[in-house]
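Thanks for making time this morning. I would like to walk through one structure with you, starting with its aromatic residues and going on to the core and the charged pairs.

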Amino acid sequence: DYRTWSEDERWELIDGVAYDMSPAPSTAHQALSTELAYAIRAFLGRSGCRVFAAPFDVLLPAAPDQPEDEVATVVQPDLAVVCDPSRLRGFGCFGAPDWIIEILSPYTSRRDMIAKLALYQRHGVREYWVVDPGNRFIHVYLRGADGRYPEPALLVGKAVARSTVCEGLEIGLEGLFAAIPA
């Protein structure tokens with residue numbers, strides 16, 4: 001049913017529950033999203049991985065063989081890095097991306113830090129970054145051998161965020177957060 005909803009509105013479904021994605025993201029949110037997308041895209045080169053910015057549907061099926069029209073979880077992460085081209089469809093991604101980045105806003109922070117964290121862990125997202133523009137920090141969650149996210153690395157100040165999905169990619173927080181308009 002979510003495919004029949006108005007294109008003027010953005011919604012996510014988490015375990016069958018609909019969440020309105022309005023209001024539109026802030027300028028700080030969009031500046032960070034753009035900076036991160038450019039940094040990742042420039043790094044990926046010939047790796048075979050691709051970065052996608054919202055709005056980009058990610059369907060997270062309950063089982064790998066679940067028909068697309070029966071999936072009860074459809075999210076639109078701010079950025080998704082997909083390294084397995086077989087997951088890409090005309091509408092977005094079917095199955096967990098390798099790396100997801102969410103940028104907090106006052107309207108989504110609880111969902112991003114609690115519901116989506118559990119959701120991404122359950123569906124096998126290898127790396128999950130939560131970027132907080134207001135407090136200028138990044139939580140980095142890396143999936144452990146047991147399939148769970150241990151305590152995240154909290155990066156602040158002059159720290160450098162390093163991706164395990166895109167080995168060698170480094171993003172300095174000082175430069176990243178300098179992208180936020182005054």
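Predicted model: local features only at pLDDT ≥ 70, side-chain atom pairs only at ≥ 80, totals over all residues.

A pair of aromatic rings is described by the distance of the centres and the angle of the planes. Take F52 and F56, whose ring centres are 4.3 Å apart and whose planes stand at 5°, so this pair is stacked. F52 has a relative accessibility of 16% and therefore counts as buried, and F56, at 10%, counts as buried too.

W99 and W129 also form an aromatic pair, but here the arrangement is edge-to-face, with 4.8 Å from centre to centre and 65° between the planes. Because W99 sits in strand β8 and W129 in strand β9, the pair ties together parts that are 30 residues apart in sequence. W99 is buried, its relative accessible area being 0%, and W129 is likewise buried at 0% relative accessibility. Finally on this topic, Y120, Y128, Y141 and Y149 come together in one aromatic cluster.

Let me turn to the core. In soluble globular proteins, nonpolar side chains tend to be buried together. Which residues have the most contacts inside the largest nonpolar core? They are L36, W99, I101, W129 and I138, in a core of 27 residues, so the two tryptophans of the edge-to-face pair return here. Two or more residues each are given to this core by α1 (27-44), β6 (79-82), β8 (99-103), β9 (127-132), β10 (137-142) and α3 (173-177), and the largest share, six residues, comes from α1. If we leave aside residues up to four places away in sequence, I101 touches L36, I40, P77, D78, L79, W129 and V131. There is also a second, separate core of 20 residues, which includes V82, I100, Y128 and V130.

Now to the charged side chains, where the structure holds seven salt bridges. D15 forms one of them with R122, the closest N and O atoms being 2.8 Å apart. This pair links distant parts of the chain, since D15 is in the loop between β1 (11-14) and β2 (17-20) while R122 is in helix α2, 107 residues apart. With a relative accessible area of 47%, D15 is partly exposed.

A salt bridge also joins the side chains of E68 and R89, at 3.1 Å from N to O; E68 lies in the loop between β4 and β5, and R89 in the loop between β6 and β7 (92-94). E68 is partly exposed at 27% relative accessible area, and R89 is partly exposed at 33%.

For D98 and R126 the salt bridge is likewise 3.1 Å, N to O. D98 lies in the loop between β7 and β8 and R126 in the loop between α2 and β9, so the pair ties together parts that are 28 residues apart in sequence. D98 counts as buried at 12% relative accessibility, whereas R126, at 37%, is partly exposed.

I will finish with K116, which has its place in helix α2 (residues 109-123). Is K116 buried or exposed? K116 is buried, with a relative accessible area of 1%, and K116 is linked with E102 and D112 in a network of salt bridges. Beyond residues up to four places away in sequence, K116 touches E12, I14, V75, Q76, E102, R111 and Y128.

Key. Residues numbered from 1 in each chain as written. Heavy atoms only, no water. Core = buried A, V, L, I, M, F, W, Y, C linked by side-chain atoms within 4.5 Å. Buried < 20%, exposed > 50% of the residue type's maximum accessible area, 1.4 Å probe, protein only. Helix = DSSP H or I, 4+ residues; strand = E, 2+ residues; numbered from the N terminus. Contact = heavy atoms within 4.5 Å. Phe/Tyr/Trp six-rings, centres within 6.5 Å; stacked < 30°, edge-to-face > 60°. Salt bridge = Lys/Arg side-chain N within 4 Å of Asp/Glu carboxyl O.
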